[in-house]
Amino acid sequence: MAARLEARAAVAVAAVVALLSAAFALYGPPRDSVVRRAFSLRTAHSVKQMEDALQLVRNIVPALTGGKHKGQAGRIGIVGGCQEYTGAPYFAAISALKVGADLSHVFCTREAAPVIKSYSPELIVHPVLDSSDAGREVEAWLPRLHALVVGPGLGREQRLLENVEGILEASKAKDIPVVIDADGLWLVAQRPAVILGYQKAVLTPNHMEFSRLHQAVLSGPVDSTDPRGSVLRLSRALGNVTVVLKGEHDLISDGQQVLECSLEGSSRRCGGQGDLLSGSLGVMAYWALLAETEKTDGSRPLLLAALGACLLTRQCNRQAFQKHGRSTTTSDMIAEVGAAFRELFEA
């Protein structure tokens, strides 16, 4: 009799384990598991502190209600797209929509416009970036936009860079948050003054872009033994502009503190992932700046926005890789935005 009861108990335990495994596969790990995967386990970060940081990111996400009208959740502009590079502005713009923006505009060159339009009917495409009056044409739209993402697919043609410099100056004058990535960072490295001291800017360099910026602004190479200190110093030298150094672990600094995001992603490094991050960050920057002070608990809004975008990009990468492995592309990651967002911020 006892042996029979033990056998039944073993079967029951096995059934529970199988059920939990199936639930994790379908719905992802429990929230505490997400928190533990999201940050480096340094002595400065207790589980409680990690949970608090993630909760602050959740706090900036606006509720979906029937009383809102089109545009209130975000009208985002992407500045970039030329003959050679049409995918990057599309990835950034469609990611902004998938995260929750209501409208997504792309300001690109004339040759790039028909190609980008053909990718999706969801985007509003303006073929103005290479016109002689590009600055004025984009500036006319700025009062209708909540944030700009500058650089995806921009290229380095001098005329385009000059036009974008004018657009950045106009954006600063109107106090619009700006996320700068890709060849927008090339422009900043050439002319750091264009963004110096503008604390509604977020720079999102990869390793090479960060090295170029560091050399241009601090007149010296990056200290490879102290990446956290290097990010902090660059942010301070730029006047406390928020800097997101993308890498194995993402480092985020506003010149006062450094956040480290180490949520598990994957080893796949296909092109376009940074565009997903910059597009989602544009939306989250608007949400964070819109949130009341009590929701952010005194934290710098753009730090929280950057942390949220880094978490989301890594979660999308992880989920896509679980399905597609080595063949994972950015399109696969974008398809995961909805589920990844729910897992992280609405669970």
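Is Arg342 buried, partly exposed or exposed? Arg342 is partly exposed, with a relative accessible area of 48%, where buried means under 20% relative accessible area, exposed means over 50% and partly exposed lies in between, taken with a 1.4 Å probe and protein chains only. The structure is a predicted model, in which local features need pLDDT of at least 70 and side-chain atom pairs count only at pLDDT 80 or more, while totals for chains, interfaces and linings use all residues. Residues are numbered from 1 along each chain as its sequence is written, and side-chain values use heavy atoms, with hydrogens and water left out.

**Overall make-up**

- The protein chain holds 15 helices and nine strands, where helices (H or I, at least four residues) and strands (E, at least two) are DSSP runs numbered from the N terminus.
- Of the 347 residues in the protein chain, 52% are buried.
- The protein chain has an accessible surface of about 15,700 Å², with 54% of it belonging to carbon and sulfur atoms; such areas come from the Shrake-Rupley method with a 1.4 Å probe, and for residues only the protein chains shown count as cover.
- Among contacts in the protein chain with a separation of 6 or more, 68% are between residues 24 or more positions apart, a contact being heavy atoms within 4.5 Å.

- The largest nonpolar core has 62 residues, of which Leu123, Leu312 and Phe345 touch the most other members; a nonpolar core is a set of buried Ala, Val, Leu, Ile, Met, Phe, Trp, Tyr and Cys residues joined through side-chain atoms within 4.5 Å.
- Helix α13 gives the most to this core, with twelve residues.
- Apart from this core lies another, of 40 residues, including Val128, Leu154, Ile176 and Leu234.
- In soluble globular proteins, nonpolar side chains tend to be buried together.
- Leaving aside residues up to four places away in sequence, Phe345 touches Leu54, Val57, Arg58, Val61, Met284, Gly308, Leu311 and Leu312.
- Arg342 belongs to helix α15 (residues 337–345), and its C-alpha atom is separated by 9.8 Å from that of Leu312, 30 residues apart along the chain.

- A right-handed β-α-β unit is made by β1, helix α4 (residues 87–99) and β2, and another right-handed β-α-β unit is made by β2, helix α5 (residues 113–119) and β3; right-handed means that, with the strands pointing away from the viewer, the path from the first strand over the helix to the second runs clockwise.
- Leu103 touches Lys70, Gly74, Arg75, Ile76, Leu97 and Ile124, not counting residues up to four places away in sequence.

**Antiparallel strands β7, β8 and β9**

- Strand β7 (residues 242–245) pairs with β8 in the antiparallel sense over three bridges, and a hairpin joins β7 to β8 through four residues.
- Strand β8 pairs with strand β9 (residues 258–261), also antiparallel, over four bridges, with Leu251 opposite Glu260 in β9.
- In the hairpin of β8 and β9, Gly255 takes a positive phi near 85 degrees.
- Strand β8 (residues 250–253) is covered on both faces, with Asp250 and Ile252 buried on one side and Leu251 and Ser253 buried on the other.

**Loop residues**

- Thr328, in the loop between α13 (301–324) and α14 (330–334), is buried, with a relative accessible area of 0%.
- A polar atom of the Thr328 side chain lies 2.7 Å from the backbone oxygen of Gly325.
- Ser219, in the loop between α9 (207–218) and α10 (227–237), is exposed, with a relative accessible area of 62%, and has a positive phi near 55 degrees although Ser219 is a residue other than glycine.
- Ala182, in the loop between β5 (178–180) and α8 (183–190), likewise has a positive phi, of about 50 degrees, although it is not a glycine.

Key. A polar contact is a pair of N or O atoms within 3.5 Å; within protein, one must be able to donate a hydrogen and the other to accept it, and residues adjacent in sequence count only if both atoms are side-chain atoms. Two strands pair if DSSP finds at least two bridges between them.
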